[in-house]
Structures are given as structure tokens and as C-alpha cells.
Amino acid sequence: MRSTVRIDDDLMTAIRLQAQGEGLSITKMLNRVVRAGLEALDRSENQKEVYRQKTFRMGPPHVGLGKALALAAALEDEEVLRKISLRK
């Protein structure tokens, strides 16, 4: 089948050089390159790795988790005071 396709100049130069080096026509080289690219895309879509987060035991909590919001607020207050004291 014939079709008009616009190919960047640098890609066309690389395809021409590769085709000359292998003694192939530009058409055969383009078909080979496009086919290989499509196969690579298909393989990469089928082989997507599932991300697994490694987990570690942290031991028992050192603070009461019932007052987690109060603890977070106290830590935030300490950090604000530290930053204010650095401005002096």
C-alpha cells in the first residue's frame, strides 16, 4: 500500500545510511523499523511491572496514637518557633 508520510530529516538520513549499510531499499528498511517499533511497544505494554513498596516493621509506637493530631500540632508549633528564632 502506498501512503505519504512526513519523516524528520535526521531520521530519514539515519534510515538511508542503515539501508545502504545493509544493502536494502529504503522501503524495506522503513517497514522493518516500523515493525520492530510496533513490536517493542506491544512488548513494553504487556510487560509493565507492578510497583511493590518494601515495608519494614517499626516496632511498637512510642506515643499514644489516640492523640496523634495533638502530637502533630505540637511538632509543627516547635518547628515554627525554631524558624522564628533563626530570623533574629
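1. Let's start with the pocket: Met1, Arg2, Ser3, Thr4, Val5, Ile7, Thr27, Leu30, Asn31 and Val34 line the largest one. For the terms here, a 1 Å grid is laid over the protein atoms alone; a pocket is an open set of points with protein on both sides within 12 Å along at least five of seven lines, and lining residues have an atom within 4 Å of a point. The volume of this largest pocket comes to about 400 Å³, counted as the space filled by probe spheres set on the points. Its lining splits into five nonpolar residues, four polar and one charged.

2. A word on the model: it is predicted, so local features need pLDDT of at least 70 and side-chain atom pairs count only at pLDDT 80 or more, while totals for chains, interfaces and linings use all residues. Residues are numbered from 1 along each chain as its sequence is written, and side-chain values use heavy atoms, with hydrogens and water left out.

3. Now for the charged pairs. There are two salt bridges in the structure, each meaning a side-chain nitrogen of Lys or Arg within 4 Å of a carboxyl oxygen of Asp or Glu. In one of them, arginine 32 meets glutamate 22 at 2.6 Å, N to O. Arginine 32 sits in helix α2 (residues 26-46) and glutamate 22 in helix α1 (residues 9-22), so this pair ties together parts 10 residues apart in sequence. Helices here are DSSP runs (H or I, at least four residues), numbered from the N terminus.

4. How covered are those two side chains? Arginine 32 is partly exposed at 41% relative accessible area, and glutamate 22 is partly exposed too, at 34%. The label covers what lies between buried (under 20%) and exposed (over 50%), using a 1.4 Å probe and protein chains only.

5. The other pair is glutamate 79 with arginine 82, at 2.7 Å, N to O. Both belong to helix α3 and lie three residues apart, about one turn of the helix. Glutamate 79 is partly exposed at 32%, as is arginine 82 at 42%.

6. Helix α3 (residues 68-87) also holds leucine 75, which is partly exposed at 48% relative accessibility. Leucine 69 is in helix α3 as well, and counts as exposed, with 75%.

Note on methods
Helices (H or I, at least four residues) and strands (E, at least two) are DSSP runs, numbered from the N terminus. On a 1 Å grid over the protein atoms alone, a cavity is a set of points where a 1.4 Å probe fits but cannot get out, and a pocket is an open set with protein on both sides within 12 Å along at least five of seven lines; lining residues have an atom within 4 Å of a point. Ala, Val, Leu, Ile, Met, Phe, Trp, Tyr, Cys and Pro count as nonpolar, Asp, Glu, Lys and Arg as charged, and the others, Gly among them, as polar.
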